[in-house]
Amino acid sequence: MSRKHSQQPHHRDTLFGKRIQEHAPLQGVRLLTLKTEAKDIVTISGGFLGGSMYNPRENRMLARVVTAMLDQGTERRDKIEIREILASVGAAISFSCGTHWVRFAATCLKQDLGLVVGVLAEQLREPAFKGADLDVVKQRILAFLEQEKEDTGTQAEIKLSQILYSPEHPNYILSGAVRARHVTALTPIHLKKYHEDNFGLGTMTIVAVGDIDAQELLSAVTKAFGGWKTSPLTLRVAGPAQPDILAAREYVSMTEKTSVDMVIGQPVGIDVNHPDRYPLGIATEILGGDFSARLMMTVRDEQGLTYGVYSGISGIQRGITGHWFTRGTF
């Protein structure tokens, strides 16, 4: 009886997996759908290659700025008109830039799915990249970088990344001053060229969950993205952390601050597909994942020595090895 009971979760997972339908509406587009009991609501998530891994060497902020401009208007409609269209049906679309992927997400009512997929495709395929909108986005990013200078934890993490990785590695974080220079140097011409050279079909995956009519969504995706060019990008991998790294201790002086952040870390030499990824992740979670983890219970609750302390794994992706770290604020 106990054996039968222990197998039930696995059996349910198998049934759950079988409910996912996979479609190929266009060459270079993978569409996954899962119909749930959520009435009238659909959530969409997806992405394609085009993130910061594909930046030109001379500007490491280009992909991020291109992605930030996707909701700033298209060749057909300005950002105000698009926002009003989405607001009128209670829908939302957002974009983000990762190491490999440009990601998008949307939520809407079932009845507005075709409209929202059409707007999403328009934003991805026909961004306007107007100079005035670019100036606003630049100022927003520069303001964030200015605030970052005052964060002791962020400055410690930047320094750790620069010790562990070479400047060409995707996990190496440029100083705020260098990133600010890269942002300032960008023009609409740079953005349009990056978009033209890299965005397109070929590696796009779209996942839709909720009150879904799969055939209706299939038709909407085919109509919205049909005829878009194929991107030349393929998945890039990166080498390990610096192989000759030795034990090092570095200080970042911020004399006006009354608190101190300390980060300890080392390369782990595994990516997301390594068999040790999950054992290492579980062990690290036990060490410092939340308020019930050993670090927090000992260093904060029992000894009262820190505002916060935790541990994690950073920078591990497909084809990219990362590092383990522990961070505390004192």
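The legends below describe close-up views of a sheet, a helix packed on it and a cavity in a predicted model. Residues are numbered from 1 along each chain as its sequence is written. Because the model is predicted, local features need pLDDT of at least 70, side-chain atom pairs count only at pLDDT 80 or more, and totals for chains, interfaces and linings use all residues.

**View 1. The open sheet has six strands with mixed pairing.** Its strand order is β1-β2-β6-β3-β5-β4; strands are DSSP runs of E with at least two residues, and helices are runs of H or I with at least four, numbered from the N terminus. Two strands pair if DSSP finds at least two bridges between them. At the edges, β1 (21–26) and β4 (92–97) each pair on one side only.

**View 2. Strands β2 and β6 pair in the parallel sense.** Residues 29–35 of β2 and residues 204–210 of β6 are joined over seven bridges. Leucine 32 stands opposite valine 207 in β6.

**View 3. Helix α9 packs on the sheet.** It touches β1, β2 and β6, where contact means heavy atoms within 4.5 Å.

**View 4. The largest cavity holds about 30 Å³ of space.** A cavity is a set of points on a 1 Å grid over the protein atoms alone where a 1.4 Å probe fits but cannot get out, and lining residues have an atom within 4 Å of a point. Grid points are joined across faces, edges and corners, and the volume is the space filled by probe spheres set on the points. Ile44, Val117, Leu120, Ile206, Leu217, Val221 and Phe225 form the lining. Helix α9 gives the most, with three residues.

Definitions and conventions: Side-chain values use heavy atoms; hydrogens and water are left out. On a 1 Å grid over the protein atoms alone, a cavity is a set of points where a 1.4 Å probe fits but cannot get out, and a pocket is an open set with protein on both sides within 12 Å along at least five of seven lines; lining residues have an atom within 4 Å of a point. Axes are lines fitted to C-alpha atoms, for helices over the stretch in contact, and angles run from 0 to 180 degrees between N-to-C directions.
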